[in-house]
Structures are given as structure tokens and as C-alpha cells.
Amino acid sequence: MHRAAGVFLVLFLLAGCASAPEEAAEGPQIYDPIEPVNRVFFAMNDAVDTMVLRPTAFVYKTAVPNPIQDMVRNFLQWLRSPVVIANSLLQGDTDNAGSATRQFFVNGVTAGLIDWGNGLGWGYREEDFGQTLGVHGVDGGPYLVIPIIGPSNGRDLVGRVVDIFFDPLTYIVTGPGARNAITIARGTGEAVDFRARNYDAINDLKASSVDYYARLRSIYLQRRDAEISNGQPPKGVQAADGSREFDKFEPSDRPRSVTGELPANTN
């Protein structure tokens with residue numbers, strides 16, 4: 001009981017933090033009130049990437065056959081299908097919910113390892129509760145860098161917590177030990193898969209950025225804006241840092257999205 005009350009207290013406080021800052025009323029602007037702390041966490045995450053994630057991703061993408069990599073990706077996407085379905089319904093997007101539901105049951109025949117709808121136009125967009133809040137008018141709030149997890153903001157951090165309750169594994173897996181083990185294994189798999197698929201692009205982004213923190217922050221905020229509007233940012237609205245670097249970028253880590261290239265360096 002006390003634990004549940006604590007969760008809802010945290011959600012309430014973070015939701016409050018997600019309220020739009022007054023100065024951001026005219027468009028998406030950077031709101032990074034704890035930037036010094038964020039930069040410390042960012043440096044820690046970058047060190048983890050350099051020492052652990054990058055070499056692991058290199059081994060994964062060079063040693064594991066592509067069909068096996070595809071199966072791993074399909075399985076991870078299939079696990080998230082219930083979260084996509086729930087959030088699509090909360091956004092009133094019944095078409096996307098229907099497509100995700102069809103994929104969930106059809107691909108479930110092979111435990112999600114094979115995407116039977118590949119090439120048949122059965123795609124669906126990835127959705128999460130952070131996007132759902134954005135669709136219903138909740139602004140991002142303060143920009144945050146979460147240790148190990150990476151870029152986020154107040155709204156998306158609340159969304160991460162709520163999505164846990166949409167995930168059937170939360171209720172199927174019993175015992176905190178088993179649940180934590182699955183969460184860590186799943187998060188590690190998603191991180192390695194994402195890093196492997198964007199291996200060269202992320203390396204180039206690091207090497208070509210004058211301020212890697214600021215550039216990644218800009219990309220994250222623009223990417224979330226694009227995901228909330230389903231890839232169609234409102235016309236006339238500038239990017240978070242005033243640039244238009246992200247206009248043509250479509251993230252490749254989202255299921256069924258069109259794989260795009262990271263934006264070229266403009267620094």
C-alpha cells in the first residue's frame with residue numbers, strides 16, 4: 001500500500017514538472033534547468049557506451065548472422081505490442097491499434113521471432129504513454145538525462161512508469177528477482193540492438209559534434225515532437241534549438257518506421 005502510494009506520489013510530482021514552462025508557450029524550446037547535473041549523467045552514460053555498449057554492439061553486428069538479428073528485433077518489438085495497442089487506443093488511433101493487434105496475434109504463432117507481415121503492409125507505429133500525454137497536450141517539461149537509460153524529459157519519464165502497467169509481463173512474471181532479471185535482459189537487448197543498427201551513425205555523430213550533449217538533446221526533443229505528431233511536425237515550428245536539423249530524420253529504432261539516416265553535421 002505504501003509502495004503504491006509512493007509510485008503515485010512520484011507520478012504526481014513528475015506530471016507537475018511536465019507542465020509547460022511559461023517561456024515555452026510559443027513553440028518547442030529547450031528547458032534544461034538542471035543542465036549541470038544532466039551533463040554529469042550524460043558523461044557517465046557516454047563512458048558506458050564507449051567501454052561496454054559500443055564494443056558489444058560491434059561484436060553483435062559482425063558475429064551474429066543477420067537472420068538471427070532480425071529475429072531478436074522482431075521478438076523485442078512483439079513484446080512491446082500490448083503497450084503500443086493500449087496507447088494507440090488512448091490516443092483514439094484505432095487503425096494503429098488494429099494493425100498492432102493483428103501483428104501481435106499472427107506473429108505470436110512463432111513467439112514473435114518471425115514477422116509474418118513483413119512486406120505485406122501490416123506495419124504500425126510505435127506508441128508509448130509519453131506520446132499519449134503529448135497527443136493530449138502535455139508538454140515535455142524539463143529535459144532529463146537518466147543514468148544508463150539516456151535522454152528523457154518529465155513527461156516521457158512519467159510515460160515510462162505508466163507503460164510498465166500496460167506490459168503483460170509485469171503481471172505474468174512473479175517474484176521481484178525474476179521480474180528484475182527479465183527487465184534487465186530486455187533493456188540490454190534493446191540497447192545493443194539499437195546501438196548495432198545505428199553503429200556508424202552514432203559514431204559519426206560523436207566525432208562531428210562540437211557539443212555532443214547539446215546536439216543529442218536537440219535530436220531527442222525534435223524526435224519526440226515528430227513521434228507525437230506521427231512524423232509530421234507542425235509547419236512553421238522550429239526545432240528545439242532553432243535549427244531544422246531533424247526535419248528529415250525518421251528514427252530507425254522504432255518498429256515499422258522508415259529507416260532514416262541521422263542528420264548530417266551542421267556544427
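Modeller: Gladly, and please keep in mind that this is a predicted model.

Colleague: Is the crossing of α9 and α10 left-handed or right-handed, and which residues make the contact?

Modeller: α9 passes α10 in a right-handed crossing. On the α10 side the contact is made by Tyr212, Arg215, Leu216 and Ile219. From α9 come Ile202, Leu205, Lys206 and Ser208.

Colleague: How do the residues of the contact of α9 with α10 divide by class?

Modeller: Lys206 and Arg215 are in this contact, and Lys and Arg count as charged. Ser208 is also there. The division is 5 nonpolar, 1 polar and 2 charged.

Colleague: α10 also packs with α2, I see. How is α2 oriented to α10?

Modeller: α2 and α10 have their axes 11 Å apart, and the angle is about 95 degrees. Angles of 65 to 115 degrees count as roughly perpendicular. That makes α2, relative to α10, roughly perpendicular.

Colleague: Which residues of α2 and α10 make that contact, and what are their classes?

Modeller: α10 contributes Tyr212, Tyr213, Leu216 and Arg217, while α2 brings Glu35, Asn38, Arg39, Phe42 and Asp46. By class, the contact of α2 with α10 has 4 nonpolar, 1 polar and 4 charged residues.

Colleague: Staying in α2, is Phe41 buried or exposed, or something in between?

Modeller: Phe41 lies in helix α2. Its relative accessible area is 27%, and buried would need under 20%, exposed over 50%. Phe41 is therefore partly exposed.

Colleague: Let's turn to α8. How far does α8 reach from its first C-alpha to its last?

Modeller: Helix α8 spans residues 176-197, which is 22 residues. At 1.5 Å a residue, 32 Å is expected. The model comes close to that, with a reach of 31 Å.

Colleague: Which residues of α8 are buried, and what covers them?

Modeller: The buried residues of α8 are Arg186, Val192, Asp193, Arg195 and Ala196. Their cover includes α2, α3, α7 and α9.

Colleague: How do α3 and α8 pack, and is their crossing left-handed or right-handed?

Modeller: Their axes are 10 Å apart and the angle is about 125 degrees. α3 and α8 are therefore oblique to each other. The crossing of these two helices is left-handed.

Colleague: What classes of residue make up the contact of α3 with α8?

Modeller: Arg73, Leu76, Leu79 and Arg80 of α3 meet Arg186, Gly189, Glu190, Asp193 and Arg197 of α8. By class, the contact of α3 with α8 has 2 nonpolar, 1 polar and 6 charged residues.

Colleague: Is Asn87 buried or exposed, and which residues is Asn87 in contact with?

Modeller: Asn87 lies in helix α3. Buried means under 20% relative accessible area, so Asn87, at 0%, counts as buried. Leaving aside neighbours within four places in sequence, Asn87 is in contact with Glu127, Asp128, Phe129, Thr132, Asp163 and Phe166.

Colleague: Where does Ile148 lie, and what is its phi?

Modeller: Ile148 lies in the loop between β1 and β2. Ile148 is exposed, with a relative accessible area of 66%. Its phi is positive, in a residue other than glycine, and is near 70 degrees.

Colleague: And Ala111: where is Ala111 found, and what is its phi?

Modeller: Ala111 is found in the loop between α4 and α5. Ala111 is partly exposed, at 36% relative accessible area. Its phi is also positive, near 55 degrees.

Colleague: To finish, how many helices and strands does the chain have?

Modeller: The elements run α-α-α-α-α-β-β-α-α-α-α-α from the N terminus on. That comes to 10 helices and 2 strands.

Note on methods: Residues are numbered from 1 along each chain as its sequence is written. This is a predicted model: local features need pLDDT of at least 70, side-chain atom pairs count only at pLDDT 80 or more; totals for chains, interfaces and linings use all residues. Side-chain values use heavy atoms; hydrogens and water are left out. Helices (H or I, at least four residues) and strands (E, at least two) are DSSP runs, numbered from the N terminus. The expected span of a helix is 1.5 Å times one less than its number of residues. Buried means under 20% relative accessible area, exposed over 50%, partly exposed in between (1.4 Å probe, protein chains only). Contact means heavy atoms within 4.5 Å. A crossing is left-handed if the near helix is turned anticlockwise from the far one by less than a right angle, and right-handed if clockwise. Axes are lines fitted to C-alpha atoms, for helices over the stretch in contact, and angles run from 0 to 180 degrees between N-to-C directions. Angles under 35 degrees count as roughly parallel, over 145 as roughly antiparallel, 65 to 115 as roughly perpendicular and the rest as oblique.
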